[in-house]
Amino acid sequence: MKELSELVRRNIWELKPYSSARDEYKGVKAEVFLDANENPYNKPINRYPDPLQEELKAVIAPLKGVAADRIFLGNGSDEAIDIVFRVFCHPGVDNVVAIDPTYGMYEVCADINDVEYRKVKFDSNFQFCADDLLSACDENTKVIFLCSPNNPSGNNLQREEIEKTLREFQGIVVVDEAYSDFSKKRPFRLDLDQYPNMVVLNTFSKAWGCAAIRLGMAFASQEIIALFNKVKYPYNVNKLTQEKAMETLSDLTKIHQRINMIVDARQSLMEAFAILPVCLKVYPTDANFFLAKVNDADKIYDYLVRNGIIVRNRNRVSLCGGCLRITIGTVEENTKLLSAMRKYR
């Protein structure tokens, strides 16, 4: 890859970050806080939260196999995605390249930041060729986005093609592993030392069942994480979110049980859905959802809505014509879906 200083926007590289009250003392156990103009009453929520979430990162680090100083925590993974653009991409000048179809927020963040977004379509099996991605790049391409397992297709991307992209691209490669806990493949976050140009995304929303608290993770080199911390808002993860995350991580057995339940239910639901008369194809998946091609996606979607069952209509997404995306629910929810589909005429 190029030197990091060549990839980062000059104003960001030279930026003097905002120094919050809680940043200015370290290693001291304090009892009286008269530094941040806080209200002294209404404890404990009267105090600003830890701006770097150090206690929470210390718990996450061994669970993810990543050192705490290589972890960025944000308001959902979307904050990390947006920060990638703000750190590396000059508005109106630079561009990014992404597989297509994939998670829609990459393109939304590109549009918000006035960065050209270049799409490279998958083949019919929702796989990509590294050479095609690299051919779409030019001297102003700063970032490549890869989502694996991918959304909406659900499949893992071929590891060899991801590795080739990481080796040959001179910029930053973002590998979004939001659904990796439902897959048996080795996560790329364990290979940060091999690829200094890699940023890996993960989230509390999926396997850890905490979508409501809005907590996302990014894993990268110490240097890249330092840049993210430079650009983020001072108190980007609130105290209630940090506390709820700590509470969730205190019962890892429950987390793993739920992941296993979802993976088991995924197989049985896919098999049952595949034999429905309206189903034309169920695509393989490594996530907590699957993509199914049906004979009339719009009509079936509207029918399910009328019956109080909400799936995702992907009929107008590239390469997903006629497809519904179905998340694995509880046994009761999956049964209601299948019951409704068996009554559909």
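Modeller: Let's start with Asn11, which counts as partly exposed because its relative accessibility is 43%, a value that falls between the 20% and 50% cut-offs. Keep in mind that this is a predicted model. Asn11 sits in helix H2, made of residues 10-13. Now look for Val87: along the chain it is 76 residues apart from Asn11, and the C-alpha atoms of the two are separated by 9.1 Å.

Next, follow the loop between H2 and helix H3 (54-64), where you will find Asn42. Most residues other than glycine have a negative phi. Asn42 is not a glycine, yet its phi is positive, about 70°. With a relative accessibility of 55%, Asn42 counts as exposed. Leu319 also has a positive phi, about 65°, without being a glycine. You can find Leu319 in the loop between strand E10 (312-313) and strand E11 (323-327). Its relative accessible area is 39%, so Leu319 is partly exposed.

The backbone has other features to look at, this time in the peptide bonds. Most peptide bonds are trans. The bond that joins Ser148 and Pro149, however, is cis, with omega about -5°. The bond from Asn151 to Pro152 is cis too, with omega near 25°. Pro149 lies in the loop between strand E4 (141-147) and helix H7 (159-168), and Pro152 lies in the loop between E4 and H7 as well.

Ser221 is buried because its relative accessible area is 14%, under the 20% cut-off. A polar atom of the Ser221 side chain lies 3.2 Å from the backbone nitrogen of Ile224. Leaving aside residues up to four places away in sequence, Ser221 touches Arg70 and Pro196.

Let's finish with a pair of helices. Two packed helices are described by the angle between their axes and the distance between the axes. For helix H11 (residues 297-306) and helix H12 (residues 331-343), the axes come within 11 Å and cross at roughly 120°. That angle makes H11 oblique to H12, and the crossing is right-handed. On the H11 side, the residues that meet H12 are Ile300, Tyr303 and Leu304, and their partners in H12 are Leu337, Ala340, Met341 and Lys343. Sorted by class, this contact has six nonpolar, no polar and one charged residues.

Note on methods: Residues are numbered from 1 along each chain as its sequence is written. This is a predicted model: local features need pLDDT of at least 70, side-chain atom pairs count only at pLDDT 80 or more; totals for chains, interfaces and linings use all residues. Side-chain values use heavy atoms; hydrogens and water are left out. Buried means under 20% relative accessible area, exposed over 50%, partly exposed in between (1.4 Å probe, protein chains only). A polar contact is a pair of N or O atoms within 3.5 Å; within protein, one must be able to donate a hydrogen and the other to accept it, and residues adjacent in sequence count only if both atoms are side-chain atoms. Contact means heavy atoms within 4.5 Å. Axes are lines fitted to C-alpha atoms, for helices over the stretch in contact, and angles run from 0 to 180 degrees between N-to-C directions. Helices (H or I, at least four residues) and strands (E, at least two) are DSSP runs, numbered from the N terminus. Angles under 35 degrees count as roughly parallel, over 145 as roughly antiparallel, 65 to 115 as roughly perpendicular and the rest as oblique. A crossing is left-handed if the near helix is turned anticlockwise from the far one by less than a right angle, and right-handed if clockwise. Ala, Val, Leu, Ile, Met, Phe, Trp, Tyr, Cys and Pro count as nonpolar, Asp, Glu, Lys and Arg as charged, and the others, Gly among them, as polar.
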